[in-house]
Amino acid sequence: MTETDNIVAETAERIFADLADAQTINNDKQGAWKAPLWQALADSGLPLSWVPEECDGSGTSMAEGFSVLSVAGRAGVSVPLAETMLAGWLLAQGRIKSPEGTMTVAPANTRDRLTLNADDTISGRVRGIPFAKEAKHIAVIAGGSIALVDASACKIDAGLSLAGDHSDTVNFDKVKPVAIAKAPAGIDEQALLLMGSLARSLQIAGALESMLSISVQYSGERVAFEKKISKFQAVQHNLARLAGETSAALAAASSAADAFSHGADIDDALFLEAAAAKIRCSEAAEKGAAIAHQVHGAIGFTQEHILHRYTLRALAWRDDFGSESYWAVELGKLVAKRGADELWPLVASR
């Protein structure tokens, strides 16, 4: 991470520390914390990190944006920061200016596609769109074009993810975009899925960091049979396993982020990095959440405890932009297509 990356990440950390305290949010049943947090994020330019200045964005680097996603994962908050960043990135590929306010992207499901009609309207039904109900605009890729759509022009059926965040179905019925442009070569539905998967991998890795920190702190405070539970070998073993899963997720996500930060086009090498990261981080989310709750015992399952804020989101993020099963199959197809002799050179290319 460069010095500039550190500055951007530190800015995000300060905002989340000041306005997204885990216990405060847990106790706020009305969601009054969201508006001040989003305003602070917007004022700092973080939601439009990947948008160049000529498109009304912050013009930060790809690496700086990835560092923001890692911080957001550690915070585990229910705001569409990652989604707005992805939307800004997609719009920037078509040189479309990003509007103010929250955004999301579509499609976000591997089985869904949108149709671009002859009159440049958009039709189709896409599921599992994160924060569609809260977004003001939706960045869309359809028929080889990138479009900015006013969310109010679509019919949105509300849904919830495992974490209780909006994961909605959006119906486009010949919706007229606010702006539309031809997508450049290499930018299609799969490119969006890969970027979304990498974003989720970084968020999962960040959430695992928080799970580990919370679990270590709790084990050092909780007393059973007249000694701290951190002194028990079984608990130490579980914490070591959680640390291992966290490290593996961080390594996979960071490697993919570094590859995308320095790669010009999404080729087989970048595909391998992003797909492998999503697979490994998803596996770590499943194992890590189970270990963290085991360390905490029954108290970790209560609504009042902050642990579920991270575990449920990490588990929910596994399914966004392609599940680990989907990417495992796609990765297998890539390896089979290239042939056995090309596997090691591809893996070792970085």
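**Exercise 1. The chain as a whole**

What percentage of the 350 residues of the chain count as buried?

*Solution.* Start with the kind of model you have: it is a predicted one. In this model, 54% of the 350 residues count as buried. Next, look at how the chain is built: 11 helices and 10 strands can be found in it. Then turn to its extent. Along the principal axes, the C-alpha atoms fill a box of roughly 75 × 55 × 40 Å. A compact globule with 350 residues would have a radius of gyration near 20 Å, and the chain agrees with this because its own value is 20 Å. Finally, consider the contacts between residues at least 6 apart in sequence: 73% of them join residues at least 24 apart.

**Exercise 2. Helix 8 and helix 9**

Find helix 8 and helix 9, and work out how they are oriented to each other.

*Solution.* Two packed helices are described by the angle between their axes and the distance between the axes. Locate helix 8 at residues 268-296 and helix 9 at residues 307-317. Their axes lie 9 Å apart, and the packing angle is about 155 degrees. Angles over 145 degrees count as roughly antiparallel, so helix 8 and helix 9 are roughly antiparallel to each other. The crossing of helix 8 past helix 9 is left-handed.

Now zoom in on the contact. Helix 8 brings K278, A285, E286, A289, A292, H293 and H296, while helix 9 brings L307, T311, A314, L315 and W317. Sorted by type, the residues of this contact are 7 nonpolar, 3 polar and 2 charged.

**Exercise 3. Helix 4 and helix 7**

Repeat the analysis for helix 4 and helix 7, and say which hand their crossing has.

*Solution.* Helix 4 covers residues 62-75 and helix 7 covers residues 233-262. Their axes come within 8 Å and cross at roughly 155 degrees. Helix 4 is therefore roughly antiparallel to helix 7. As for the hand, helix 4 passes helix 7 in a right-handed crossing. In the contact, M62, A63 and F66 of helix 4 meet A257, F260 and S261 of helix 7. These residues divide into 5 nonpolar and 1 polar, with no charged ones.

**Exercise 4. A loop residue**

Is T102 buried or exposed?

*Solution.* First find T102 in the loop between helix 5 (81-93) and strand 1 (103-106). The relative accessibility of T102 is 11%. Buried means under 20%, so T102 counts as buried. Leaving out residues up to four places away in sequence, T102 touches W38, P80, T84, E134, A135, K136 and H137.

**Exercise 5. Backbone details**

*Solution.* Take K174 to begin with. With a relative accessible area of 60%, K174 is exposed. F321 sits in the loop between helix 9 and helix 10 (324-338). The relative accessible area of F321 is 0%, so F321 is buried.

**Exercise 6. A peptide bond**

Which form does the peptide bond from A106 to P107 take?

*Solution.* Look at omega for this bond: it is near 0 degrees, and the bond is cis. To place P107, follow the chain into the loop between strand 1 and strand 2 (115-116).

Conventions. Residues numbered from 1 in each chain as written. Predicted model: local features only at pLDDT ≥ 70, side-chain atom pairs only at ≥ 80, totals over all residues. Heavy atoms only, no water. Axes fitted to C-alpha atoms, helices over the stretch in contact; angles between N-to-C directions. Helix = DSSP H or I, 4+ residues; strand = E, 2+ residues; numbered from the N terminus. Parallel < 35°, antiparallel > 145°, perpendicular 65-115°, else oblique. Left-handed = near helix turned anticlockwise from the far one by under 90°. Contact = heavy atoms within 4.5 Å. Nonpolar A, V, L, I, M, F, W, Y, C, P; charged D, E, K, R; others polar. Rg over C-alpha atoms; globule rule 2.2 N^0.38 Å. Buried < 20%, exposed > 50% of the residue type's maximum accessible area, 1.4 Å probe, protein only.
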